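This report describes one protein chain for a reader who is new to structural analysis. Please keep the sequence and the model in view while reading.

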Amino acid sequence: MEGGDFMKKALVIIISVLIVLSVAGFSFAEEKKHSTKEMHVSGEVTAVDAAANTLTINGEKGKVVLTITDKTKFAEGKTLADVKVGDKLSAKYSEKDGMMMAWEVITKKEMKKMEKEKEGVKMEKEKEEMKMEIMDKIEKKQKEIEKE
């Protein structure tokens, strides 16, 4: 094998690797562009379009038109058909292909209930941690007494 042939083959391999990596990079960038950043909206329902499977909520930052799919979870077994203009709702959604895709819709009442439950769990956890701290202190004190 001559030096020129080796260099040509090496150059072809290097260029091939660069092409493969650049295509993979573009595909990764495209995938990243459609990432599912969680967004929230809470407010009054201003429109329901069952034919288009959309729900419009007027939130603090303006109106958000949410697309409802078969994967959208409604609280208490409800569906889009149960939603009426004037209802107060909260929704979690993400943008996909230029549409706001709702994946969870709950009433503000349910949202407050969930927040209270989370707070209750947090308080119980804090109580448990305090109990453990006290038990550790008692155990240490008992060991000190036993050493005396």
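Is Lys-96 buried, partly exposed or exposed? Lys-96 counts as partly exposed because its relative accessibility is 48%; buried means under 20% relative accessible area, exposed over 50%, and partly exposed in between, with a 1.4 Å probe and protein chains only. Lys-96 belongs to strand S5, residues 88-96. Helices (H or I, at least four residues) and strands (E, at least two) are DSSP runs, numbered from the N terminus. Although Lys-96 and Lys-37 stand 59 residues apart in sequence, their C-alpha atoms are 9.6 Å apart in space.

**Basis and confidence**

This is a predicted model, in which local features need pLDDT of at least 70, side-chain atom pairs count only at pLDDT 80 or more, and totals for chains, interfaces and linings use all residues. Residues are numbered from 1 along each chain as its sequence is written, and side-chain values use heavy atoms, with hydrogens and water left out.

The chain has a mean pLDDT of 82, and 87% of its residues reach 70 or more; pLDDT is the predictor's confidence in each residue, from 0 to 100. Over residues 29-34, pLDDT stays under 50, and the model has 1 contact for them beyond four places in sequence. Contact means heavy atoms within 4.5 Å. Where pLDDT is low, the predicted coordinates should not be read in detail.

**The nonpolar core**

In soluble globular proteins, nonpolar side chains tend to be buried together. A nonpolar core is a set of buried Ala, Val, Leu, Ile, Met, Phe, Trp, Tyr and Cys residues joined through side-chain atoms within 4.5 Å. The largest such core has 15 residues, of which Val-41, Leu-55, Ile-57, Leu-66, Ile-68, Leu-89 and Val-105 touch the most other members. At least two residues of this core come from each of strands S1 (39-49), S2 (54-59), S3 (62-67), S5 and S6 (99-107). The most is given by S5, with 3 residues.

Beyond its neighbours within four places in sequence, Leu-55 is in contact with several residues, including Val-45, Val-64, Leu-80, Leu-89 and Val-105.

Thr-67 is placed in strand S3. Thr-67 is buried because its relative accessible area is 13%. Not counting residues up to four places away in sequence, Thr-67 touches Asn-53, Thr-54, Thr-72, Met-99, Met-100, Met-101 and Ala-102.

**Salt bridges**

Side chains of opposite charge can pair when their charged atoms come close. A salt bridge is a side-chain nitrogen of Lys or Arg within 4 Å of a carboxyl oxygen of Asp or Glu. The whole structure contains 5 salt bridges, among them those in the table.

| Salt bridge | Closest N to O |
|---|---|
| Glu-139 and Lys-143 | 3.8 Å |
| Lys-141 and Glu-144 | 3.9 Å |

Glu-124 and Lys-127 are 3 residues apart in helix H2 (residues 108-147), so about one helical turn separates them. Glu-139 and Lys-143 also lie in helix H2, 4 residues apart, about one turn of the helix. Glu-139 is partly exposed at 42% relative accessible area, and Lys-143 is partly exposed at 47%.

**A surface patch**

Leu-11, Ile-15 and Ile-19 form a nonpolar patch on the surface, with about 280 Å² of accessible area together. Patches are made of residues with over 30% relative accessible area and no salt bridge, like charges being joined within 9 Å and nonpolar side chains (Val, Leu, Ile, Met, Phe, Trp, Tyr) within 5 Å. Accessible areas come from the Shrake-Rupley method with a 1.4 Å probe; for residues, only the protein chains shown count as cover. Leu-11 lies in helix H1, residues 3-33, and counts as exposed at 51% relative accessibility.
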